[in-house]
Amino acid sequence: MELELVGSCTWVLVLVAAGLSLASAGPVPTSKPTTAWTDCDFGRFKSLSPRELEAFKKARDALENSLKSWSCITRPFPRNRDLRQLQVWERPVALEAELALTLKVLGTMADASQGDILDQPLHTLRHMHSELQACVSAQPTAGPQPQGRLHHWLHRLHEASRKESQGCLEASVLFNLFRLLKKDLECVASGDLCV
């Protein structure tokens, strides 16, 4: 009986040890959990109303006609940039930075001469930006700092706002506007479903 008890205890210890080693052998997550974004409701931005889209289209068309000659040292919004390449938690951060630059440039254009035509688009963009900003700033800061693609994109936007001419920024923002409104915003609003 004593031998059976010792043998049973040994097997229990071996099984417990094996279970613990298997449990700790799994990969350690290197990204922020996507569940943190569930408190942020981006779903309402999946698609804009026809009235809002028309206001953006009118503004873009009027502003494109007023663009003077421009050239860029770099592309603030490269064509191959795709938010799907980022982790889900990184996408709102990237979109928030993109919206911030867009608002800065369009705000300058409105102040310069295009005020009325930009009123509705700026109002919509400011609302989106404040929602994203609140969500991004509410996330824990103890997580990983931007790295890889996200770091590269944020750096590119920051450098563009410092180094590029106003003409380059205006043209870049206008040419990127509908991609931001349709593709990027929809991807962030779709969360894990944007693949």
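This is a predicted model: local features need pLDDT of at least 70, side-chain atom pairs count only at pLDDT 80 or more; totals for chains, interfaces and linings use all residues.
Residues are numbered from 1 along each chain as its sequence is written, and side-chain values use heavy atoms, with hydrogens and water left out.

The secondary structure comprises five helices and zero strands, where helices (H or I, at least four residues) and strands (E, at least two) are DSSP runs numbered from the N terminus. Along the sequence the pattern reads α-α-α-α-α. Of the 195 residues, 38% count as buried; buried means under 20% relative accessible area, exposed over 50%, and partly exposed in between (1.4 Å probe, protein chains only). Among contacts (heavy atoms within 4.5 Å) with a separation of 6 or more, 89% are accounted for by residues 24 or more positions apart.

Helix α2 (residues 50-66) and helix α5 (residues 166-190) have axes that come within 10 Å and cross at roughly 165°. Axes are lines fitted to C-alpha atoms, for helices over the stretch in contact, and angles run from 0 to 180 degrees between N-to-C directions. Helices α2 and α5 are therefore roughly antiparallel to each other; angles under 35 degrees count as roughly parallel, over 145 as roughly antiparallel, 65 to 115 as roughly perpendicular and the rest as oblique. In this contact, L53, F56, K57, R60, L63 and E64 of α2 meet L174, F175, L177, F178, L181 and K182 of α5. These residues divide into eight nonpolar, no polar and four charged, with Ala, Val, Leu, Ile, Met, Phe, Trp, Tyr, Cys and Pro counted as nonpolar, Asp, Glu, Lys and Arg as charged, and the others, Gly among them, as polar.

T102 lies in helix α3 (residues 91-138) and is buried, with a relative accessible area of 1%. Not counting residues up to four places away in sequence, T102 touches F77, L125, V173, L177 and L180. L177 also belongs to the α5 side of the contact with α2.

The buried residues of α4 are L150, W153, L157, E159 and A160. H155, also in α4, is partly exposed, with a relative accessible area of 43%. The C-alpha atoms of H155 and P76 are separated by 9.8 Å, the two residues being 79 residues apart along the chain.
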